[in-house]
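Please keep the model in view while reading.

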Amino acid sequence: MRSAQEDLTTKARIRDAAILRFASDGLEAPLRAIAADAGVSPGLIMHHFGSRAGLREACDTYVLQQVRHNKSSVLGNAGAPGAMLAQLAEVEGYAPLVGYTLRCLQEGGELTRKFVDGVVADAAAYLADAVAAGTVSPSRVPEDRARVLAEISLGSLLLQLPTGSEPFVLEDLPRWLRRYTERILLPFLELFTEPLLTDSTLLDTYLANTDRSTK
């Protein structure tokens, strides 16, 4: 009989294999391929996750947890510069998570909507923590701001998708992610640190002519 610890380890191995396979081949990748990657039988995937949807949900949960942790470590504490540099040094290691996220965006449908809603909810949470820590400015509309930032980030990734069902070459994904990160990081940091507009005229005018000024 397998121990609980062995089952936990096997379940995590299947999940990690699924993230890699989904990132490489899309979310319709065969369960048999995932099972082979994890060194288990297809039946063991059903034992641990119940269905393809259950496996997908476990992958979603894990990827969102990793994104939440990485964002919180940069935005929510006094050691943010060091955390940012550490993440930059290891950015290639996030390639499977990014590849999986890209495939979720490509798939569409209800599970993808739930995934995006999870990204937004996590963004709202770590931004709220960062506001409380004094590292991020408060917002009149914190939930809306979180959604806009999440949609900007996801939309930027969406533009990087291969066409159709063309597979990712996982060996190339880390290098691609390094180039992508280096291309976007400076303009994003500049935009968020040094306001694009030189005064508040447009914001003041908008607030003066809408009921959002009371929020």
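**Loops, a pocket and a patch**

Pro-30 counts as partly exposed, because its relative accessibility of 48% falls between the 20% limit for buried residues and the 50% limit for exposed ones. The model discussed here is predicted. In it, Pro-30 sits in the loop that connects helix H1 (4-25) with helix H2 (31-38). Its C-alpha atom is 9.7 Å from that of Pro-42, a residue 12 positions away along the chain.

Attention now turns to empty space. Rolling a probe the size of a water molecule over the atoms shows where such space is left. The second largest pocket holds about 150 Å³ of space. Two elements, helix H4 (52-75) and helix H7 (109-133), each give two or more residues to the lining of this pocket. The greatest contribution to that lining comes from H4, with 5 residues. The lining consists of Ala-53, Glu-57, Asp-60, Thr-61, Leu-64, Leu-111, Lys-114 and Phe-115. Sorted by class, the lining comprises 4 nonpolar, 3 charged and 1 polar residues.

Leu-197 lies in the loop between helix H9 (173-193) and helix H10 (201-208). With a relative accessible area of 48%, Leu-197 is partly exposed. Patches are made of residues with over 30% relative accessible area, so Leu-197, at 48%, passes that cut-off. Together with Leu-191, Phe-192, Leu-196 and Leu-202, Leu-197 forms a nonpolar patch on the surface. The accessible area of these residues together is about 560 Å².

How values were computed: Residues are numbered from 1 along each chain as its sequence is written. This is a predicted model: local features need pLDDT of at least 70, side-chain atom pairs count only at pLDDT 80 or more; totals for chains, interfaces and linings use all residues. Side-chain values use heavy atoms; hydrogens and water are left out. Patches are made of residues with over 30% relative accessible area and no salt bridge: like charges are joined within 9 Å, nonpolar side chains (Val, Leu, Ile, Met, Phe, Trp, Tyr) within 5 Å. Accessible areas come from the Shrake-Rupley method with a 1.4 Å probe; for residues, only the protein chains shown count as cover. A salt bridge is a side-chain nitrogen of Lys or Arg within 4 Å of a carboxyl oxygen of Asp or Glu. Helices (H or I, at least four residues) and strands (E, at least two) are DSSP runs, numbered from the N terminus. Buried means under 20% relative accessible area, exposed over 50%, partly exposed in between (1.4 Å probe, protein chains only). On a 1 Å grid over the protein atoms alone, a cavity is a set of points where a 1.4 Å probe fits but cannot get out, and a pocket is an open set with protein on both sides within 12 Å along at least five of seven lines; lining residues have an atom within 4 Å of a point. Grid points are joined across faces, edges and corners, and a volume is the space filled by probe spheres set on the points. Ala, Val, Leu, Ile, Met, Phe, Trp, Tyr, Cys and Pro count as nonpolar, Asp, Glu, Lys and Arg as charged, and the others, Gly among them, as polar.
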